[in-house]
Amino acid sequence: MLHPEQRAKLDSSSDTLFYDYPRFVTHVDDGFIQQLTDLYRQRLRPGSRIFDMMSSWVSHLPDGVDFEWVEGHGLNEEELAKNPRLNHYFLQNLNENPQLPLEDQSFDAVLNTVSVQYLQYPEQVFAEVYRILKPGGIAIFSFSNRMFYQKAIAAWREGSEAQRVELVKQYFQSVPGFGTPEVISQQSSVPPFLQMLGMGGADPFYAVIAERQKPLVPSS
């Protein structure tokens, strides 16, 4: 789907090196985080199995909601080790090896927060997301307009916010078996020049959600 030049990064060195040093910060503002936590509270079932892909030291899962298992993944062990919601985690560079070491149909939800812009082979990663989801399970990919610019792929860097939403929809649509993607969009009311200054409440919120469709039951 993506052309080779669209997958390119300004910094072509290994992402493993880039994320070697821990960053104990949040990469979006409080308004974004609250919207994401509220979305998780609405869409994630208590007692379900969650895969938090490309995670960090915080997963933004709602307080007071217990899950059967939360599996984490990322590139910095210090960050993942400090995440109190993870039952287990593993390190893997998905741009070098997109195949997840997880069982087929083993998770009720897959989450990805402000990281989809770094995937160079999203078609393969989204196929893996589909593989590990149970029928009826959901994937939630959320993002804003912030990024490590040198590590985002060209298709993301050069696109508008609306085009980035369409890009994530296309990632889902590249995998047969996902339902029609749902988009949640809360654009910023703050002028762009204030957004660039990082003014509070400036971050737009986008989430693209799709379900692994259940097999059709033949009518009798």
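Start by selecting strand E4 (residues 107-113) and strand E5 (residues 133-143), which run parallel and are joined by six bridges. Within this pair, Ala 109 has Ile 138 of E5 as its bridge partner. Helices (H or I, at least four residues) and strands (E, at least two) are DSSP runs, numbered from the N terminus, and two strands pair if DSSP finds at least two bridges between them. This is a predicted model, in which local features need pLDDT of at least 70 and side-chain atom pairs count only at pLDDT 80 or more, while totals for chains, interfaces and linings use all residues. Residues are numbered from 1 along each chain as its sequence is written, and side-chain values use heavy atoms, with hydrogens and water left out.

**The sheet**

Now select the seven strands, which form an open sheet of mixed pairing in the order E3-E2-E1-E4-E5-E7-E6. Strand E3 (88-91) and strand E6 (182-186) are at the edges with a single partner strand each, so one side of each has no neighbour in the sheet. On average, neighbouring strands of this sheet are turned by 15° against each other, direction ignored.

Move to strand E2 (residues 69-74). Five of its six residues are buried, so E2 is largely enclosed by the rest of the structure; buried means under 20% relative accessible area, exposed over 50%, partly exposed in between (1.4 Å probe, protein chains only). E2 runs parallel to E1, with four bridges between them, and Phe 51 has Glu 71 in E2 as its bridge partner. Four bridges also join E2 to E3, again in parallel, and His 73 stands opposite Phe 90 in E3.

In the loop between E1 and E2, pick Met 54 and His 60. Most residues other than glycine have a negative phi. Met 54 has a positive phi, near 60°, and His 60 has a positive phi near 65°. His 60 is buried, at 13% relative accessible area.

**Helices on the sheet**

Return to E4 and E5, whose six bridges opened the tour. Helix H4 (residues 122-132) packs on the sheet and touches strand E1 (49-53), E4 and E5; contact means heavy atoms within 4.5 Å. The direction of H4 makes about 140° with that of E5; axes are lines fitted to C-alpha atoms, for helices over the stretch in contact, and angles run from 0 to 180 degrees between N-to-C directions. Eight of the eleven residues of H4 are buried, so the helix is largely enclosed by the rest of the structure. The cover over these buried residues includes E1, E4, E5 and H6.

Val 125 is buried, at 1% relative accessibility. Next, select helix H6 (residues 161-173), which lies across E5, E6 and E7 and runs at about 15° to E7.

**Charged side chains**

A salt bridge is a side-chain nitrogen of Lys or Arg within 4 Å of a carboxyl oxygen of Asp or Glu; the count by this rule is eleven. Show Arg 43 and Glu 182, which form one at 2.8 Å, N to O. Arg 43 is in helix H2 (residues 30-43) and Glu 182 in strand E6, 139 residues apart.

Asp 108 forms a salt bridge with Arg 45, with the closest N and O atoms 3.2 Å apart. Asp 108 lies in strand E4 and Arg 45 in the loop between H2 and E1, so this pair ties together parts 63 residues apart in sequence. Asp 108 is buried, with a relative accessible area of 13%.

End at Arg 212, in the segment after strand E7 (205-211). Arg 212 is buried yet has no salt bridge, and the nearest side chain of opposite charge, Asp 104, is 7.3 Å away; Lys and Arg count as positive and Asp and Glu as negative, while His and the chain ends are not counted. A polar atom of the Arg 212 side chain lies 2.8 Å from the backbone oxygen of Tyr 130, and one lies 3.3 Å from the backbone oxygen of Leu 133.

Note on methods. Polar contact = N/O pair within 3.5 Å; in protein donor to acceptor, adjacent residues only side chain to side chain.
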